[in-house]
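Subject: Structure handover and notes

Hello,

Here is the structure, with notes on what was found in it. Please read the notes with the model open.

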Amino acid sequence: MAEGVSRRSFIKTAGLSAAATMGPGMVEVALTVNGAARKVKIDPAATLLETLRVDCNLTGAKEVCDRASCGACSVLVDGKLVCSCMMLALDAQGCAVTTVEGLVGADGKPDAVQAAFIKHDALQCGFCTPGFVIAARALLNVNPKPTLAEIKGALAGNICRCGAYTNIFNAVLEASGQAVVADGG
Amino acid sequence: MATTTPTMNRPMNLGASAADHLDRVDALAKVTGAAKYGRDRYLPGSLFAALIRCPWGSAELLSDNAAEVGKLAGVVEIKISRREGTYHGRDVGYVLADSVVALKRAMNALKLEWKRREVKTRIEDTVKEPPAINEDAKKVLDAAAKKLSAVYSTPVQTHSSLETHGCVVDHRGDSATVYASTQGTFAFRDGLDEALKLKGSDFEIVCEYVGGGFGSKLGGPGKEGLNAARISAARGKPVYLFVNREEEHLDTGNRPSSMTFAELAFENDGTITGGQILTFGGVGVARGGGGCDVPSGRYNFGDLRRAHTDVSFNAGGPRAMRAPGKPQGAFAEELMLDEVALACNVDPLELRMRLARSGNHKEMMKAGAKLIGWANRIPTGTQTGTIRRGMGVGLCSWGLFPARAEGEVVIYRDGSVEARTGTQDIGTGQRTIMGVVAAEAVGINPDEVRCSIGSSKLPVGPGSGGSVTAPNTAPPMRAAALDAKNKLLTIIAKELNVEASALEIVKGEVLRGGQRVMSFKDACQRITGDSITGRSDAAKVDTSGKGHSDGVQFVELSVDTETGVIHLHNVVALQSCGRVLARKTAESQIIGGVIQGLSYALFEQRVLDRVTGAMVNANLESYKILGPKDMPHITPVLWSKGQTKVCSLGEPPVIPTAGAVACAVLNAIGAPVRSLPITPAKVLAALAGVGGKKNEDGGAR
Ligand code: FES
Ligand code: FES
């Protein structure tokens, strides 16, 4: 990832002369998103987030800060939680990318985290929700029975302006098969 | 999709609403990423636009390299239409490109040379001295047993909606579709006809989902909408214009800053006899809109002189933010009361029980005190350990304002039912509660009603501001549903040769004298044609605007006296809102209000450089919003007490929180922090002042 970030920041912040000389010739990238192979033509400076949203019509991941401080753009890259606004699409080649859309089962049923979010009303406007769902899924994949403190820690990179945290905690407890008695406290 | 197992962790709220276990109807779309917000609309052939902004509090544009940047690949147009700005973020033109990346590249390459001018950035730049005390107030103060003289201040809070302001405009020559992120679908339409060069009936505003709106998206299309509309109309192509995070902080409105100068006179038992409260609102480049609601009218303040002045300076101006003017006023008011209580050695809850005007508030205070465990509160000034605990309490109230709203309910031959209102759902649960209202009136389950909202082609509805949507849309939606039901029953009655009034629909069955006649679905099949439509204008709807909502919040926290860091433990939030329609979404509204209040109390603050006027924290890492790790336990209590009228809910829960936090901090450390946000540095400074010079009547000055 370190290489990806530095390449991204170089390309993204390149000034007039660099921009004029470097680009923006389009390049073709091959991505694997939610299990499906996709070939898209993109500007080499495009982030994974932009590519997913604009070129793959997967708009679940949101752009809120575009600098890794809100978690709204979260996706899984080879199972790891990543801010897709901080990764170049070029660097996601050869990786398995999972977005919030990809958590829905083949039968159309929502994943356990998604179902628990619905039951506990863990959202209001819903703009932060895909990011929280992905972050919670990433947590449960490695820690199937997290404590409340572990849940708060794992979600600390996500912001919800509407203030749905209490119900988000309850939903993650529920999704991990634990009793929801604490009311998020 | 309704669940069968209830969320049992809030047993006190079960039975409080018309639909206790109903899930938010659009939750599935939101958790799966299927919900399309304005920002998610990438139309084929779109152009992407961004506004060029003044980077300083006040500056003149000397030169630019627009001509050069305009030649970069993918750049369609650069237009600079102003050559000066009087606040950071003032738009002076726009860049148009054919892709997101080309737009970013052009914005990065754009070099503007500005000449900075002198700026004012704060209320204090104008209000340099404490204002004089009025002669009448002086008399009351001179006759007082005790006095409090204090200055309270609150910072600018930005709305920080996660979906930024903007829209996508698709102009097709003789018609247009506008995908907007707005709190006012109809205000957006009404402001756009000139820019689009179309009549309001020739274009549609679509706003199916809104990624947050706390007041700043109320006032029509704004500069984002107007620019996108003009460009799309001129070029005949879809235009995508959403501002970025920095711009969202700078130029989409805010909760204005405030200063409150209080001179209070009171008796030895804490009875307030009067004095003077002067407030100032910091409104940036605006002329007004900085109100600070203190005293709120919830407490008896005796014979008080009162005045408010708005102060302008070089910064983005305010826009009504969730309960405008109220949280800043409540912060000053509640902390004042606790300072009076401390000076009189009276329990602050007991003082409030005496000073509060409404019996409803008194009842809620009693119930909330039990839930938070007020009996265990440690008297102020008696703790000596490193970690000190504190409890605080605050009150809120909100009225009910009338707004124009219509509804339609369509019953289709196939047995499906659609509730229609053009108003939008900003996350309050509007889409869900419309279904509850329609279903109840028709006599079927709420999850059998589909709700169509968020379009200017649907029946007119109010903007989501002032907490007016639920109370104003519920009565017409009910009237429309009753009208549709009556039309259906008239068809059945004819067939059965009875009066329609002899029939009713209960739980999806048509009944006559309590006996089942047929199912609702069978009844629908007797509709000739495709559907029947019930309309709200078929009945007189209560638009009196009478009704009110009250709330009381208790906060429990601890303060680390070595670091000044505050840990939030518990919040109990009791809230009335008339009749509750759906428990889960109502609880979410209360919890959300509390969280925004806590965030305001401890973290949020627009910071302007005093020399340049530039905002130095226009992002989401140094403009800190309360996050998961900062969260206390929150108990929302629906105080519904058998009410039949739907009242307001969205705004009031954000009002009392910061005041209650400030009171809890005073309780913990024995000294007031009179300025928001209550940062560790301010806590340490207040602690350092403890035991220092106190004024002669014992109040901390
Ligand atoms: S948009 Fe990527 S972290 Fe905020
Ligand atoms: S639900 Fe609106 S930001 Fe989280």
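A salt bridge here is a side-chain nitrogen of Lys or Arg within 4 Å of a carboxyl oxygen of Asp or Glu. Over all chains, the structure holds 51 salt bridges.

On conventions: this is a predicted model, in which local features need pLDDT of at least 70 and side-chain atom pairs count only at pLDDT 80 or more, while totals for chains, interfaces and linings use all residues. Residues are numbered from 1 along each chain as its sequence is written, chains are lettered from A and ligands numbered from 1 in the order in which they are written, and side-chain values use heavy atoms, with hydrogens and water left out.

Confidence

The mean pLDDT (the predictor's confidence in each residue, from 0 to 100) of chain A is 89, and 84% of its residues reach 70 or more. Residues 1–8 of chain A have pLDDT below 50, and beyond near neighbours in sequence this stretch has 14 contacts (heavy atoms within 4.5 Å) in the model. Residues 12–22 of chain A also stay under 50, with 15 contacts beyond four places in sequence.

Salt bridges within the chains

Arg137(A) pairs with Asp111(A) in a salt bridge whose closest N and O atoms are 3.0 Å apart. Arg137(A) lies in helix α5 (residues 129–142) of chain A and Asp111(A) in the loop between β5 (96–98) and α4 (112–119), so the pair ties together parts that are 26 residues apart in sequence. Helices (H or I, at least four residues) and strands (E, at least two) are DSSP runs, numbered from the N terminus. Both Arg137(A) and Asp111(A) are buried; buried means under 20% relative accessible area, exposed over 50%, and partly exposed in between, with a 1.4 Å probe and protein chains only.

In chain B, Glu208(B) forms a salt bridge with Arg431(B), with 3.8 Å between the closest N and O atoms. This pair links distant parts of the chain, 223 residues apart: Glu208(B) is in the loop between β12 (203–206) and α7 (222–235), and Arg431(B) is in helix α12 (residues 430–442). Glu208(B) is partly exposed at 35% relative accessible area, whereas Arg431(B) counts as buried at 6%.

Arg305(B) and Asp303(B) form another salt bridge, at 3.1 Å between the closest N and O atoms. Arg305(B) counts as partly exposed at 22%, and Asp303(B) is partly exposed at 38%. A network of salt bridges links Arg53(B), Arg90(B), Asp91(B), Lys223(B), Glu247(B) and Asp251(B).

Arg377(B) lies in the loop between α11 (359–372) and β18 (387–398) of chain B. Its side chain makes a polar contact of 3.2 Å with that of Thr380(B). A polar contact is a pair of N or O atoms within 3.5 Å; within protein, one must be able to donate a hydrogen and the other to accept it, and residues adjacent in sequence count only if both atoms are side-chain atoms.

Lys62(A) is in the loop between α3 (48–55) and β3 (74–77) of chain A and counts as buried at 1% relative accessibility. The side chain of Lys62(A) reaches the backbone oxygen of Thr59(A) at 2.7 Å. Not counting residues up to four places away in sequence, Lys62(A) touches residues including Phe127(A), Ala35(B), Tyr37(B) and Asp40(B).

The interface

The contact takes 70 residues from chain B and 65 residues from chain A. The buried area (accessible area, 1.4 Å probe, that two parts lose on being put together, summed over both) is about 5400 Å² between chain B and chain A, of which carbon and sulfur atoms give 58%. Val31(B), Leu162(B) and Pro628(B) supply 14% of the area that chain B buries against chain A, more than any other three residues.

Between chain B and chain A there are nine salt bridges. Lys104(B) and Asp66(A) meet in a salt bridge at 3.0 Å, N to O. The largest share of the side of chain B that touches chain A, nine residues, comes from α15(B).

Regards
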